[in-house]
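The sequence and structure are shown first.

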Amino acid sequence: MNIVMLAGFLAIAPPASVRGYDTPDDGGRSITLEWTLSPDDGVIERYEIYRSCNGVDYEKIGVMGRGRGLFEDDTEDRRQYYYKVAAVADTARAFSEPSAPVMSSAQWLNRKKINIIVAVAVFGGLILLFIQRARRGQKLFVRKIAGLQAIDDAVGRATEMGKPILYCPGIGYIEDIATIASLSILGEVAKKCGQYNTELINPHFDPIVYTVAREIVKESYASVGRPDAFDPDSVYYVTDSQFAYAAAVDGIMLRERPATNFLVGWFRAESLILAETGASTGAIQIAGTDQVSQLPFFVTACDYTLIGEELYAASAYISREPLLLGAIKGEDWGKVIIGAIIIAGSILGLLTAFPILRLFD
Amino acid sequence: MKAIDLLTKIDRRIIYLILFAVVTLPIIFPSVKSVRVMPPVEKLYAAIDNIPEEKALIIDFDYDPQTLPEIEPMAFAVLRHAFTKRIKVLALSLYVQPLGLAQNALVSVAEEFNVAAATREDSIIYGRDYVFLGWQPPPLIPILGMGESIVNVYKTDYYGNRTDTLPVMKEIKNYGDVGLLVSLSSGDPPKWWIEYAQNRFGVKVGAGITAVSASEFYPYLQTGQFSGLMVGMKGAAEYEEEVESNLGIKVRRKASESLPSLTYAHVVIILFIVIGNTGYFISRRRERRLS
Amino acid sequence: MKRNFPLLLVFVFGVLGIIPFIIPHPVVQGTDEFLRNNLLKILAAFALILGLGSLLRVHFDKIKRRGQNWEYSWVLIATFIVTSIIGLFGGVSGTGILPTRIGSFAFDIWTIYFNVEVPLGAAMFALLSFFMASAAYRAFRARSTQATLLLTAAFVVMLGVLPLGNEISPHLPSFAQWIMDVPNVAGQRGILFGVALGMIATALKIILGIERSWLGGGGE
């Protein structure tokens, strides 16, 4: 009653319906406060938020601008708090009624992510389903991918000409899926180099990728019975500076004149520098990346380009392992489902755009 | 036949020489023309302009020397905008290389204001008006950590000061106190800010990117995940135009000066493509007649 | 064991990376933060040492066996050592224990970076414009209907994003913007969907041990 009289005297109304609740879907230590804006929201300067642990002694903990009816407070879990919100105009303050006591706590599940969990589960399930089918012997068709089919010819060309093969895995890190896909292709190329005794040059941007690639190439040579042919210096770290790496690889292309260049992995702006220099030396070039901004450069300057997930499919395509082929099938069906949902959603959206046909309002 | 060879087999050195000339001459004899500002830049300008008084602007400096000509003018223009409107600025970088460039931009723009300032209140004071948080490895840690507490991630700033002692950091605790984050980058960081900072903590994100990456970032602008976007040198020139026309700040506009070079280079490339295709069509027609 | 242990590690850490996305509880988030804040930083530091070791070994070997252009290996090693000493002991702006100034001539790490690395990097990036011109001239041919359509769209966008486009026609910039906003975004989204699904599938295959090519050698 005192608050109402005071507010009436000062001509500003307090905010109402102050409600505090444990901030949902978080790790605790947070309470969200909501309130109905003061009817004088347009003339006040701000809202001040006050908090108490015993319902008696309040201290100011925060400020929100006018027009805002939401505040998040940092709290200790399992401790009761009471809140008041004051509308402030000059020196006048109109306090709300105190909120009910509220406690914060941590949640074990973020419900906002449930839709993502469901989507990943459906997608993962599809992949596992097709992997099971592949295990049972079902033949799975994968269309021709020109860039991957050309690997044999490309290696053969280098062998005939007596020139080396340059394999550049890009400037990605080991956690990049494109780099992992590139390393799987490197393994296959290394096997062929071992079989045909062709020199392989493999410069690296990242030290971790270099370490992994070295082991892959070594094991590949060993798997075709040519461990002696493996040259440890053929796989080496250069630099982790983007354009210094591009300069180094360009230098290799111009000095060593490889017959075949593989530019497969994660690239940025240096992609055209590499591809165009390679093209000027007359080498056959097979490129592949999932970076859409670099694809036009590779398509322009290289003979074969693996676009997006064609790169991820490389391991399955080359090895023809049923388990890996099954995963590709699962991916494709996932895309079909997404495509169908987009088309259905677009049709629904079109329907609701016509006033007469607002069937789904 | 010789004429067709001239059209289809121009020595690349001649192409490089012509391109060098058309790019260099406008830089030696600079001129600045007014630029039409497109909606993505208008949106970013409005987003920065509407940052509430109690909130901060985070600028992520993630460009390197190679992309400096495109992106540094964006940094200067955004800083001039923020300092004019007295928006608190937190600067950081997700990599080591851009740190020196970030410091250069902050110090240069602050100096511009301080030279013209009459009182301490008008000046741009480190710690009160802006903070340079520096770098913490690897990139994802600061992006995620700042959702809880910025001073916990950056315990000291770039200069070694304890961040919890700086006046700005006493008011700006985490993303909840950030009105907008602008990532000036030549790579993927703008996407990381959306994936981790915006998705988890709801912070608004804008970006300044290189022209070559534009196509992969437009989807994010369309969905509203980016509050605005500056693309390449033209985007920088548009923001310079906005700052000059709305705030009356008249300084050297580096991006706008470089636009003529960009224009003539584009025209030369188009001409060469036309020449190449002309030669191609002539030789194709001859082959058809012979066969 | 040689193959099973890495597979087990990948599975455990893969799952540990997914769980914090779904479970906000501090116990889970704290573990995730420890792994990211502490473990990853340590791994990154060791990897750098490995890489530098490899770099120096390759060049020392080249000098030893007098390989092609071995003299440049000396340049690399000498530059590496000098810059490392200046960086480690000279401080960022010459504030370390090693003096990095003779009169007005400074050679602290910041000066070296700004006067050597920055111009060199900018020079390499500048090459792109020349290579773009020569690649466009060499390869952009209207060989088919689609290629012609692509060329036309390229011309419209190239002119539309410049002030010149506005002078040719005030509608050109808007049309160029429409091409970037609609057909381009549609194509990009298609590729993005495929790449995103491919990433999920590949990551799942690696975590579950189905994809093992990163282990090296052949097949299983």
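## Interface of chain A and chain B

In this predicted model, 14 residues of chain A are in contact with 13 residues of chain B. The two chains bury about 1100 Å² between them, and carbon and sulfur atoms give 45% of that area. On the side of chain A, the residues A:Phe243, A:Arg268 and A:Ser293 supply 33% of the area buried against chain B, more than any other three residues.

Three salt bridges are counted between chain A and chain B. In one salt bridge the side chain of A:Glu276 meets that of B:Arg12, with an N to O distance of 3.6 Å. Helix H6 (242-256) and helix H7 (270-280) of chain A each contribute at least two residues to the side that touches chain B. By class, this side of chain A consists of four nonpolar, six polar and four charged residues.

## Interface of chain C and chain A

The size of an interface is often expressed as the accessible area lost when the parts come together. For chain C and chain A, the buried area is about 5200 Å², with 71% of it on carbon and sulfur atoms. Here 58 residues of chain C are in contact with 66 residues of chain A.

The rule finds three salt bridges across the interface of chain C and chain A. A:Asp233 forms a salt bridge with C:Arg65, where the closest N and O atoms are 4.0 Å apart. On chain C, helix H1 (4-22), helix H2 (26-64), helix H4 (109-139) and helix H8 (183-207) each supply at least two residues of the side that touches chain A. H8(C) gives the most to that side, with 15 residues. The class division for the side of chain C that touches chain A is 33 nonpolar, 16 polar and nine charged residues.

## Largest cavity

The structure contains two cavities of 30 Å³ or more.

The largest cavity holds about 50 Å³ of space. Its lining is made up of B:Ala77, B:Arg80, B:Glu240, B:Val243, B:Glu244, B:Ile249, B:Val251 and B:Arg253. Two helices of chain B, H4 (68-84) and H11 (232-247), each supply at least two residues of this lining. The largest share, three residues, comes from H11(B). The lining of the largest cavity has four nonpolar and four charged residues, and no polar ones.

## Second largest cavity

The second largest cavity has a volume of about 50 Å³. Residues of chain A and chain C line this cavity: A:Ile180, A:Ala181, A:Ser184, A:Tyr312 and A:Ser315, together with C:Thr202, C:Glu211 and C:Ser213. Helix H4 (residues 177-196) of chain A gives the most to the lining, with three residues. By class, the lining of the second largest cavity divides into three nonpolar, four polar and one charged.

Methods
Residues numbered from 1 in each chain as written. Chains lettered and ligands numbered in written order. Predicted model: local features only at pLDDT ≥ 70, side-chain atom pairs only at ≥ 80, totals over all residues. Heavy atoms only, no water. 1 Å grid on protein atoms, 1.4 Å probe; cavity = no way out; pocket = protein on both sides within 12 Å on 5 of 7 lines; lining within 4 Å. Points joined across faces, edges and corners; volume = space filled by probe spheres on them. Helix = DSSP H or I, 4+ residues; strand = E, 2+ residues; numbered from the N terminus. Nonpolar A, V, L, I, M, F, W, Y, C, P; charged D, E, K, R; others polar. Contact = heavy atoms within 4.5 Å. Buried area = accessible area lost by both parts, 1.4 Å probe.
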